Amino acid sequence: VRYDQTSHTLSAYLDWRPCERWGLNLGGHLTRSRARFNPQFARAYAAGIYNADSAGIDEISRVSLRQLGVSAAVDWQLNDNLGCRFEYGYDDYEDRTGDSFDGQVQNFQVSLSYVW
């Protein structure tokens with residue numbers, strides 16, 4: 001059984017703290033991924049009546065994806081112990097072999113932290 005997958009990612013991030021209580025984070029990434037499954041088998045279950053092989057599995061299992069994502073976050077230190085973070089992310093997925101895995105994902109997170 002043979003499964004191959006290759007992924008390449010290019011990413012860049014910027015963190016900026018204009019003052020002690022505020023921080024800004026910006027980022028982006030581009031990922032290209034390819035995969036395929038090629039089991040290469042052949043079986044004769046009932047000679048001349050029923051044979052099974054892996055012909056065609058390689059073609060239908062090929063996947064080539066491109067993912068483009070961006071993110072932005074703001075950190076706010078409320079006091080010496082309490083902080084919060086607001087974060088937004090957007091990812092766009094493009095299936096280069098069809099449209100089965102096309103789509104977008106947006107997420108928004110708010111988190112609180114407390115240090116003691």
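The model is predicted. Strand β2 spans residues 22-37. It pairs in the antiparallel sense with β1 and also with β5.

**Strand pairing**

- The link between β1 and β2 is a hairpin of two residues.
- Strands β2 and β5 are antiparallel, with 14 bridges between them.
- Asn25 has Ala73 as its bridge partner in β5.
- In a regular strand, side chains alternate between the two faces of the sheet.

**Asn25**

- Asn25 is part of strand β2.
- Asn25 counts as buried because its relative accessible area is 15%, and the cut-off for buried is under 20%.
- The side chain of Asn25 makes a polar contact of 2.4 Å with the side chain of Asp15.
- Beyond its neighbours within four places in sequence, Asn25 is in contact with Leu14, Asp15, Ser71, Ala72, Ala73, Asp75 and Arg85.

**Ala35**

- Ala35 also belongs to strand β2.
- Ala35 is buried, since its relative accessibility is 15%.
- Setting aside neighbours within four places in sequence, Ala35 is in contact with Tyr3, Asp4, Gln5, Ser61, Arg62 and Val63.
- Ala35 and Arg62 are 27 residues apart along the chain, while their C-alpha atoms are separated by 5.8 Å.

**Aromatic pairs**

- A pair of aromatic rings is described by the distance of the centres and the angle of the planes.
- Two aromatic pairs are found in a search of the whole structure.
- In one of them, the ring centres of Trp22 and Trp76 are 5.1 Å apart and the planes meet at 10°, so this pair is stacked.
- This pair links distant parts of the chain, with Trp22 in strand β2 and Trp76 in strand β5 (residues 63-77), 54 residues apart.
- Trp22 counts as partly exposed because its relative accessibility is 36%, and Trp76 is partly exposed at 33%.
- Tyr114 and Trp116 have ring centres 6.1 Å apart and planes at 25°, so they are stacked; the cut-off for stacked is under 30 degrees.
- Both Tyr114 and Trp116 are exposed.

How values were computed
Residues numbered from 1 in each chain as written. Predicted model: local features only at pLDDT ≥ 70, side-chain atom pairs only at ≥ 80, totals over all residues. Heavy atoms only, no water. Helix = DSSP H or I, 4+ residues; strand = E, 2+ residues; numbered from the N terminus. Buried < 20%, exposed > 50% of the residue type's maximum accessible area, 1.4 Å probe, protein only. Contact = heavy atoms within 4.5 Å. Polar contact = N/O pair within 3.5 Å; in protein donor to acceptor, adjacent residues only side chain to side chain. Phe/Tyr/Trp six-rings, centres within 6.5 Å; stacked < 30°, edge-to-face > 60°. Pairing = 2+ DSSP bridges.
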